Amino acid sequence: MYNVNYLEIMNSNKVQIFDTTLRDGEQVPGCKLNTKHKLVIADRLDALGVDIIEAGFPVSSPGDFTSVSEIAKLIKNATVCGLTRAVKKDIEVAAAALKHAIKPRIHTGIGTSDSHIIHKFNTTKEKVIERAIEAVSYAKNFVDDVEFYAEDAGRTSNEYLARVCEEVIKAGATVLNIPDTTGYCLPEEYGAKINYLKANVKGIDNVIISCHCHNDLGLATANSIAGAINGARQIECTINGIGERAGNTALEEVVMILKQHPYLNLQTDIDTKLLYDTSLMVRDNMGMPVQPNKAIVGANAFAHSSGIHQDGVIKNRETYEIINPADVGVTESAIVLTARSGRAALAYRAKKIGYELTKIQLDTAYQTFLKFADRQKEVIDEDLHLIMKKVNKISKIAIA
Ligand code: KIV
Ligand code: ZN
């Protein structure tokens, strides 16, 4: 049995990263992964430095059971977690799947909003509390580390949520997950919810509060950061922000926000240099493209195409970039040549492929460049060689 000091984590500045790419992320339509793919991703997540890997929902299918079980055997550093409903059978199956994990965690819970209590369960608030207590107590028979989720906490009244939290802490929960399941909350509201729980739940200082935010209004990352600022010490997220509907909080975003804002005094153990490569491997294994303008890992995240920006970046990268691309494993910023590019960008790119232009040669090259650029979306290296050939006929270009 390993020992975790929850009080120490809650009072520290470390934010634990709980990766749910293989569970909530995999719930994306068309994203079914087989065990082999899941093992490759889990291994990478462990190398990336995530604290917890939610490996799946073991009772959901024999395939998911096998995946969780194999991941539990493989992973040496991270805690391996399995999801359950507040149902005994789910908990038993999750415990069996996690049997070989060095650090096993059962993640159990139930809906707590009026909408879930009335429409999903057709029951009462008191009965939901009873089921929550039963689930946590039952899970404690199998593992020490039990995380409780209050599904749809984002739309649950703070008073009732506080009661649920207090009861599950008494039952032995070690982590309290406060999901904004429908991505409804505003950052201030979500932050205030965490703050309310910290102020009003007996025993809360002995457990870790976790943020689990969905992106229906594009606020998942902002809400998770608001939660951490207000005292949460775990953020649940996925690589590339994949997940149900509009997705989950993107791991790379929260990690880089905390790194780029050191005055928040919140840190993670993520090896940020592996972020870009991990994004590509999840994209390829899941067959889920990443939008080009995606923060941190999108193809355009470090690409500059307008003349004003390019001129600035060539003079000093920090004029238009707040992140050093090398910090996330991107080799360098890209200067993309389009009809909006200026002479500085053209000279820069020409030099990169071996041409040192004089001012007069650059003027001549730029006129030809504009004709290319007006015809096509982007002027690439092959085009540049053609442009330089034309200039060379008028005056010999030096080799850079
Ligand atoms: O979004 C959610 O509420 C969840 C829970 C099952 C943790 O994914
Ligand atoms: Zn979720």
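In which helix is lysine 73 found? Lysine 73 belongs to helix 3, residues 62-74.

The model is predicted, so local features need pLDDT of at least 70 and side-chain atom pairs pLDDT 80 or more, while totals for chains, interfaces and linings use all residues. Residues are numbered from 1 along each chain as its sequence is written, chains are lettered from A and ligands numbered from 1 in the order in which they are written, and side-chain values use heavy atoms, with hydrogens and water left out.

**View 1. Lysine 73 in helix 3.** Helices (H or I, at least four residues) and strands (E, at least two) are DSSP runs, numbered from the N terminus. Lysine 73 counts as partly exposed because its relative accessibility is 40% (buried is under 20% relative accessible area, exposed over 50%, partly exposed in between; 1.4 Å probe, protein chains only). Its side chain and that of glutamate 70 are joined by a polar contact of 3.1 Å. A polar contact is a pair of N or O atoms within 3.5 Å; within protein, one must be able to donate a hydrogen and the other to accept it, and residues adjacent in sequence count only if both atoms are side-chain atoms.

**View 2. Glutamate 54 in strand 2 (residues 52-56).** Glutamate 54 is buried, because its relative accessible area is 0%. Its side chain makes polar contacts with the side chains of arginine 23, at 2.9 Å, and histidine 107, at 2.7 Å.

View 3. Strand 8 pairs in the parallel sense with strand 1 (residues 16-19) over four bridges; strands pair if DSSP finds at least two bridges between them. Glutamate 236 is the bridge partner of phenylalanine 18. Strand 7 (residues 208-213) also runs parallel to strand 8, joined by three bridges, and here cysteine 211 has isoleucine 235 as its bridge partner.

**View 4. Tyrosine 138 and phenylalanine 142.** The ring centres are 5.3 Å apart and the planes stand at 80°, so the pair is edge-to-face. Rings of Phe, Tyr and Trp (its six-membered ring) pair if their centres lie within 6.5 Å; planes under 30 degrees apart count as stacked, over 60 as edge-to-face and the rest as tilted. Tyrosine 138 counts as buried at 18% relative accessibility, and phenylalanine 142 as partly exposed at 38%.
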